[in-house]
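Please open the structure in your viewer and keep the selection tool at hand. The tour below goes from one stop to the next, saying what to select and what is there.

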Amino acid sequence: MSKSAPDARPERWLAALALLAVCVISLGNVVVRYTTDASFAFTEEFSVFLLVVLTFAGAAVAARRHVHIRIELVEEWLPVRLRPVLYVLQWAASVLLLGLVVWYGALLTWEEYSWESLSPGLGYPTWIYLIWLPLLCLAIIWRLTQSMMERCRVCLQAGGTHES
C-alpha cells in the first residue's frame, strides 16, 4: 500500500487480531480435541464474537478504501461534475442504515447491561459482546464519511475532465 492510499489502521489491526485469535482458538481446540477427546468450551462463543468483530472492522477498512461492492455503471455514466451528488446520496443512504444499527444496537446493549444478561455458553455478560456492534458501525460511518469527502474532492478537482 502506498503512502497516499487511504488507511484505517485501527480497524486493520483489530481485524487482524480478531482473525489471528479465531485461528489460534480453533487450532488449539482441534489439537486438544484430537489428543484428549475433550474440547474447550469457550471456542464457539469467542469465535462467533471475533468473526463479527472481524467482519465489521473489515467493513470499515473497505469503506475507507472505497472498495465495497457497488454498481459502478451509474457512477461511470454520470459526468464527473455530477458524481459528487451521487456520492453524497450513497453516503446518506449508508449512514441512515448504519445509524439505525448504531441506535438499536446501543439500545440492545444497554438493555442487556441493565438486565445483567449472561451468555448461555460461558455466562459472560452479553453486553460485552454487543457493544462492539454500535461502536464498529460508528467506525464504518466515519470511514464512509472520509471516503465520500475524498471522492467528492477528486471529482471537484478533476472538473471538466472525462476521468475521475
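A residue is called buried when its relative accessible area is under 20%, exposed when it is over 50%, and partly exposed in between, with a 1.4 Å probe and protein chains only. This is a predicted model, in which local features need pLDDT of at least 70 and side-chain atom pairs count only at pLDDT 80 or more, while totals for chains, interfaces and linings use all residues. Residues are numbered from 1 along each chain as its sequence is written, and side-chain values use heavy atoms, leaving out hydrogens and water.

Begin with Glu11, which sits in helix α1 (helices are DSSP runs of H or I with at least four residues, strands runs of E with at least two, numbered from the N terminus). Glu11 counts as buried because its relative accessible area is 7%. Leaving aside residues up to four places away in sequence, Glu11 is in contact (heavy atoms within 4.5 Å) with Ala57, Ala60, Val61, Ala139 and Arg143.

Next, select Asp37, in the loop that joins α1 (9–36) to α2 (43–64). Most residues other than glycine have a negative phi. Asp37, however, has a positive phi, near 60°, and it is exposed, because its relative accessibility is 73%.

Then move to His66, in the loop between α2 and α3 (73–77). His66 is not a glycine either, yet its phi is positive, at about 45°, and with 23% relative accessibility it counts as partly exposed.

Finish at Trp103 in helix α4 (residues 83–115), which is exposed because its relative accessible area is 53%.
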